[in-house]
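Have a look at the picture first, and then we'll go through it piece by piece.

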Amino acid sequence: MIMTLTEEPPDDVPRNVSHWVQSVAEITKPDSVSWCDGSEEEFSSLVDKMVSDGTLIKLNERTYPNCYLHRSDPNDVARSEEATFICSRDKDDAGPTNNWMAPDEAHAKLRKLLEGCMVGRRMYVIPYLLGPVNSPYSQVGVELTDSPYVAVSMEVMTKVGHVALEHLRKDGFVKGLHSMGTLDPRNKYICHFPDEKLIISLNSNYGGNALLGKKCHSLRLASVMARDEGWLAEHMLIIGIESPDGTLTYVTGAFPSASGKTNLTMLKPPDYMKGWNVWAVSDDIAWVHLDSEGTFRATNPESGFFAVAPNTSLKTNPRIMEIVKRNTIFTNVALSSDQTPWWEGMGEHPRKLWDWQGRVWTAGRSPGSAAHPNSRFTTSIRQYSSLSPEYDNPNGVPISAIIFGGRRSELVPLVYESFSWEHGVLMGAMLRVETTAAASGEVGVLRNDPMAMKPFCGYNIADYFKHWLSFTSKRGKLPRIFQINPFRLGPDGRFLWPGYGHNLVVLKWIVERCRGRAEAVETPIGYVPTPASLKVAAMNLPESTISELLRVENPAWIDELESTRLFFESLGDKLPKTLQQELERLIDRLASDIHS
Ligand code: OXD
Ligand code: MN
């Protein structure tokens with residue numbers, strides 16, 4: 001029985017919200033409408049209902065209390081970039097890296113698909129708040145969905161109910177309409193209407209396509225608002241790095257999907273780094289505003305983790321392994337006979353296993369992996385013991401550095417720092433990384449993913465670069481900019497750097513650069529650490545490995561910049577001149593270094 005869901009809007013619902021809900025219901029024709037209040041009772045009753053109709057499988061209550069497994073449609077397992085559209089009035093505003101559809105055309109097409117799509121279903125109304133309570137930076141959205149799985153996931157990932165309605169009275173809200181429809185991949189659309197602050201998503205039930213507060217609102221629509229209002233909505237983690245003297249240095253980091261952002265956010269310091277710690281503020285998204293003093297301040301719009309399961313283990317991320325053992329929804333992981341979840345990279349696999357589609361799976365005999373490579377867990381950030389006490393700060397945390405990263409088996413050194421903000425913007429703009437399973441499509445191919453925002457920037461990427469560059473003219477204390485690459489391979493095809501907890505050595509160098517303490521050598525691409533400044537003695541890494549990790553190979557960089565040049569050319573006339581000049585300068589530095 002769903003006790004807390006009512007057919008009538010609660011008293012605190014403003015009329016503009018109830019009118020919109022009614023107008024959507026007239027088109028989609030759900031059997032009933034339920035207003036979500038985000039309470040525990042509501043969560044439990046939704047979960048119970050899904051367990052009884054098979055949408056969720058209850059996991060072992062003794063070892064995984066209050067945990068559930070959801071198996072998605074096998075054709076609906078990742079973000080669908082090919083079905084994602086920016087419906088700006090002007091095509092040029094969507095730019096060359098987005099799919100565009102004219103708003104009228106999109107409305108007409110979607111209207112047909114929406115007609116009666118919720119018949120026989122309940123429509124959930126989910127008012128949600130993104131960001132800290134009482135923060136000038138927070139935003140409200142209302143998602144309408146016919147998926148109870150989306151409803152409970154939104155209750156983990158955002159703040160649902162009264163708290164959102166309270167904020168809504170002060171500011172406007174983003175409208176999000178989602179229907180699983182028939183899950184027909186040929187009619188899948190994730191459409192964003194920046195001028196109407198509206199998202200319509202049809203025929204998918206996968207996280208990034210369906211939890212509209214996440215990529216659709218917090219990044220695609222928010223990036224447009226950020227451009228117009230002078231702030232940044234970024235695909236970035238936020239962490240506070242505590243050094244032994246108790247000082248906290250906050251940094252943000254942009255890495256493409258499934259490239260270790262969650263692991264870095266939850267880094268557990270290695271034994272040889274006593275007194276250091278990493279406090280999590282966000283593992284995926286950062287909203288960064290300039291305050292009246294000119295400090296960049298970052299908040300996390302989200303309230304949960306929606307992270308990739310495979311390769312998460314006690315070795316790679318011991319801190320998350322603690323928290324996914326309770327109150328967690330798993331999607332597309334494998335299941336053992338004692339009802340516990342399993343995925344590749346977790347450790348030895350149990351004798352009997354069902355794969356992510358519920359089929360019996362035997363290692364060495366069954367095809368493919370037991371868990372889907374993009375299987376996920378959804379869990380509340382509140383469960384995390386190293387959550388920064390500043391997570392809730394309505395003013396956010398002050399940012400000293402911005403880090404770019406991603407998988408590069410060659411070329412990019414372990415860490416280096418830009419010469420200036422403009423050079424750092426170039427570093428982000430030319431980010432080219434190996435693709436992962438988070439989006440549908442080929443895995444492991446190099447693609448340009450500027451600032452890790454290629455799939456998430458809601459407007460013309462060239463204008464986005466211009467927006468980044470505009471911060472030099474503001475009265476701001478610009479953060480330093482770095483790039484890191486823990487994924488460089490040696491000649492034997494193995495990772496040169498041990499990664500995971502050891503990445504704190506790299507973060508320490510960054511912190512010390514921010515404090516003007518760590519040494520670096522000037523190379524054509526930027527400041528690279530001296531081997532001594534990395535102080536890796538305790539890690540017993542041979543000196544030759546360290547030099548390999550820090551090596552800057554000029555001819556290979558010149559080749560890389562050729563592909564940057566082609567990428568920039570593909571962006572057309574809007575590419576800011578400053579960025580072009582930065583690129584030419586970098587090429588000149590590399591060329592003259594070769595010839596000197
Ligand atoms: C995510 C993604 O789910 O980036 O965070 O795809
Ligand atoms: Mn992400």
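## The ligand and its surroundings

Ligand 1 has Arg 79, Lys 214, Lys 215, His 235, Ser 257, Asp 284, Phe 306, Arg 376, Ala 438 and Phe 456 around it (a residue is near a molecule if one of its heavy atoms lies within 4 Å of it). Sorted by class, that shell holds 3 nonpolar, 2 polar and 5 charged residues. Here Ala, Val, Leu, Ile, Met, Phe, Trp, Tyr, Cys and Pro count as nonpolar, Asp, Glu, Lys and Arg as charged, and the others, Gly among them, as polar.

A quick note on the background: this is a predicted model, in which local features need pLDDT of at least 70 and side-chain atom pairs count only at pLDDT 80 or more, while totals for chains, interfaces and linings use all residues. Residues are numbered from 1 along each chain as its sequence is written, chains are lettered from A and ligands numbered from 1 in the order in which they are written, and side-chain values use heavy atoms, with hydrogens and water left out.

| Side chain | Distance to an oxygen atom of ligand 1 |
|---|---|
| Arg 79 | 2.8 Å |
| Lys 215 | 2.9 Å |
| Ser 257 | 2.4 Å |

On its own, ligand 1 exposes 210 Å², and the protein buries 96% of that (areas come from the Shrake-Rupley method with a 1.4 Å probe).

## The pockets

So where does ligand 1 sit? The space it takes is the largest pocket (a molecule sits in a pocket if more than half of its atoms lie within 2 Å of the pocket's grid points). A pocket is an open set of points on a 1 Å grid over the protein atoms alone, with protein on both sides within 12 Å along at least five of seven lines, and lining residues have an atom within 4 Å of a point.

The largest pocket has a volume of about 1,000 Å³, the space filled by probe spheres set on the points. Its lining counts 50 residues, with Ala 258, Ser 259, Gly 260, Asn 263 and Arg 407 nearest its centre. α9 gives the largest share of that lining, 4 residues. By class, the lining has 24 nonpolar, 17 polar and 9 charged residues.

The second largest pocket holds about 520 Å³. Of its 21 lining residues, Gly 38, Phe 43, Glu 155, Val 156 and Ser 380 lie nearest the centre. They divide into 7 nonpolar, 10 polar and 4 charged.

## The cavity

The largest cavity holds about 60 Å³, and its lining includes Arg 408, Met 427, Trp 557 and Glu 560.

Definitions and conventions. Polar contact = N/O pair within 3.5 Å; in protein donor to acceptor, adjacent residues only side chain to side chain. 1 Å grid on protein atoms, 1.4 Å probe; cavity = no way out; pocket = protein on both sides within 12 Å on 5 of 7 lines; lining within 4 Å. Helix = DSSP H or I, 4+ residues; strand = E, 2+ residues; numbered from the N terminus.
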